[in-house]
Amino acid sequence: MYIGFHKDNSEETNVKIIFFNILNFSCLLNQFLATFLYLIVGVYNSAIYSLLLLPVPVLIYYVNYKRKYLLAKLFIFTYYNAIIFVTSCYFSHPYLSYYYIPVIIGSAIVFNTKELKYLLLINFLSFSLLIIENTSLSEYLPRFYMDKNHDKTTIIVLAVHVNFILGLLFMYAYYMRLKMKRLIKLNKTFKEAKTKLKNQSEDYLLFSEACSHFLKSPIHVFNTFIGKIEKGIDENKSYEELKPYFSVIKKNIDEEEKFINNMFDYNKIILTVPQKKKHNLTEILTESLESLKKSKNDFDYVIDIQQVILKTDAQLLNKIITIIAENAYYHNKSQVKSLEIIYSINKNNLTINFTDNGVGINEADRENIFKPYIRINSIKNVKGIGIGLLKAKKAAELLNAQIILAQSSDSGTTFQLIINTNK
């Protein structure tokens with residue numbers, strides 16, 4: 001909600017605007033109540049007077065509609081003070097001066113900390129008029145009309161006053177309830193952020209340890225083989241004799257580049273703010289798997305025929321699918337590498353089963369597959385540095401999901417992606 005004068009969109013300010021709108025509505029109801037009661041007891045002059053005051057709260061709503069909230073606040077509380085003062089002069093009721101008290105309380109709630117000077121101005125006006133009407137200074141006030149139905153109108157004035165105060169108390173309770181809900185929400189957000197920071201801290205600690213190994217190892221290799229190349233040059237060895245040394249250095253540079261790219265990719269995932277929209281699950285799966293199939297002629301897949309509409313972040317889900325599909329392809333010795341995807345849906349979860357025909361995962365490695373830089377199996381054509389499934393796990397967490405190893409044998413592996421559809 002745009003707040004107008006201050007361009008402040010904080011939840012605290014919005015709550016105060018809600019309170020202010022209810023306060024203005026309460027004022028309208030009280031004016032209607034007073035008019036109705038005056039008509040019942042036959043005090044028509046007072047009924048007409050109350051009726052003439054009704055357009056002002058309506059005008060306040062119009063100013064609010066134009067989003068000039070500060071102007072509306074100043075207008076309505078100045079109006080309250082003016083009306084109470086004029087009404088006191090009109091009816092000459094001592095009880096009327098106490099109307100300033102709910103005005104003071106209401107203004108203290110409605111104005112923001114940025115509007116403190118306006119709050120002090122309104123309260124100074126209210127206190128000044130309250131003191132004037134309850135001291136000897138009241139003798140100097142003009143009297144527009146001497147109330148001839150004092151006994152009838154006193155009851156009405158008291159009834160409207162009590163009604164207004166009760167309404168104010170109710171609104172204050174409502175305001176405090178909104179603030180309590182806001183504090184609970186902030187506390188929940190704080191706890192979630194604390195947990196997230198703790199997890200990120202653990203992740204970065206693992207990465208720092210891995211970085212130490214991955215950065216030191218190539219440097220050692222470079223120094224060793226550069227020394228061998230220098231020695232070979234001194235011994236007048238040919239390029240063909242020195243070529244194996246260059247190959248080892250190039251291989252380590254490639255591994256280092258691969259490691260750095262994976263680090264950037266992982267950091268990009270954990271810093272992603274999911275943008276969830278409704279998507280056709282089959283379309284996302286098909287797009288991800290077709291991309292792999294175009295570059296791998298010996299890869300094939302089968303997707304469940306169910307049509308599922310899922311509210312998710314398509315890019316994160318695409319990342320998970322691609323990682324699982326690449327694992328299914330590279331950890332595979334079959335002539336045709338295949339991946340079968342089947343869904344199962346219940347009240348709270350959507351479970352996607354990915355079953356391949358690969359070599360499976362050794363039982364000793366199963367507990368470590370989601371840890372960073374753990375290489376499983378020993379197939380020569382397997383690419384990567386052992387971080388793929390960790391990236392898939394982190395992407396799944398951002399989607400309020402989890403990825404688990406359901407089963408594995410030498411005839412294939414099944415991974416399950418379980419998505420909570422209630423979040």
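Two strands are taken to pair if DSSP finds at least two bridges between them. With that in hand, welcome to this predicted model. The secondary structure of the chain comes to eleven helices and seven strands. Of its 423 residues, 43% count as buried. Among contacts with a separation of 6 or more, 70% come from residues 24 or more positions apart.

**The sheet**

- Strand E4 (residues 337-345) and strand E5 (residues 349-356) run antiparallel, and seven bridges join them.
- Across this pair, Tyr-343 stands opposite Ile-352 in E5.
- As background, the strands of a sheet pair through backbone hydrogen bonds, either parallel or antiparallel.
- E4 and E5 belong to an open sheet of five strands, which has the order E2-E4-E5-E7-E6 and mixed pairing.
- At the edges sit strand E2 (299-303) and strand E6 (401-409), each of which pairs on one side only.
- On average, neighbouring strands of this sheet are turned by 15 degrees against each other, direction ignored.

**Helices lying across the sheet**

- Helix H9 (residues 281-295) lies across E2, E4 and E5 and runs at about 175 degrees to E2.
- Helix H11 lies across E6 and strand E7 (412-420), where the angle to E6 is about 140 degrees.

**H10 against H11**

- Helix H10 (residues 314-330) and helix H11 (residues 388-398) have axes that come within 9 Å and cross at roughly 150 degrees.
- Angles over 145 degrees count as roughly antiparallel, so H10 is roughly antiparallel to H11.
- The crossing of H10 past H11 is left-handed.
- From H10, the residues that meet H11 are Leu-316, Ile-320, Ile-323 and Asn-327.
- Their partners in H11 are Gly-388, Leu-389, Lys-391, Ala-392, Ala-395, Ala-396 and Leu-398.
- By type, the residues of the contact of H10 with H11 divide into eight nonpolar, two polar and one charged.

- Helix H5 (residues 100-110) is largely enclosed by the rest of the structure, because eight of its eleven residues are buried.
- The buried residues in H5 are Tyr-100, Pro-102, Val-103, Ile-104, Gly-106, Ser-107, Ile-109 and Val-110.
- H5 packs with helix H6 (residues 116-133) at an angle of about 170 degrees, and their axes are 10 Å apart.
- That angle makes H5 roughly antiparallel to H6.
- On the H5 side, the contact is made by Tyr-100, Val-103, Ile-104, Ser-107 and Ala-108.
- On the H6 side, the contact is made by Leu-119, Ile-122, Asn-123, Ser-126, Phe-127, Leu-129, Leu-130 and Glu-133.
- The residues of the contact of H5 with H6 divide into nine nonpolar, three polar and one charged.

**Two asparagines with positive phi**

- Asn-236 lies in the loop between helix H7 (150-234) and helix H8 (239-270).
- Although Asn-236 is not a glycine, it has a positive phi of about 60 degrees.
- Asn-236 counts as exposed because its relative accessibility is 69%, and the cut-off for exposed is over 50%.
- Asn-400 lies in the loop between H11 and E6.
- Phi of Asn-400 is near 55 degrees, again a positive value in a residue other than glycine.
- With 30% relative accessibility, Asn-400 counts as partly exposed.

Note on methods. Residues are numbered from 1 along each chain as its sequence is written. This is a predicted model: local features need pLDDT of at least 70, side-chain atom pairs count only at pLDDT 80 or more; totals for chains, interfaces and linings use all residues. Side-chain values use heavy atoms; hydrogens and water are left out. Axes are lines fitted to C-alpha atoms, for helices over the stretch in contact, and angles run from 0 to 180 degrees between N-to-C directions. Helices (H or I, at least four residues) and strands (E, at least two) are DSSP runs, numbered from the N terminus. Angles under 35 degrees count as roughly parallel, over 145 as roughly antiparallel, 65 to 115 as roughly perpendicular and the rest as oblique. A crossing is left-handed if the near helix is turned anticlockwise from the far one by less than a right angle, and right-handed if clockwise. Contact means heavy atoms within 4.5 Å. Ala, Val, Leu, Ile, Met, Phe, Trp, Tyr, Cys and Pro count as nonpolar, Asp, Glu, Lys and Arg as charged, and the others, Gly among them, as polar. Buried means under 20% relative accessible area, exposed over 50%, partly exposed in between (1.4 Å probe, protein chains only).
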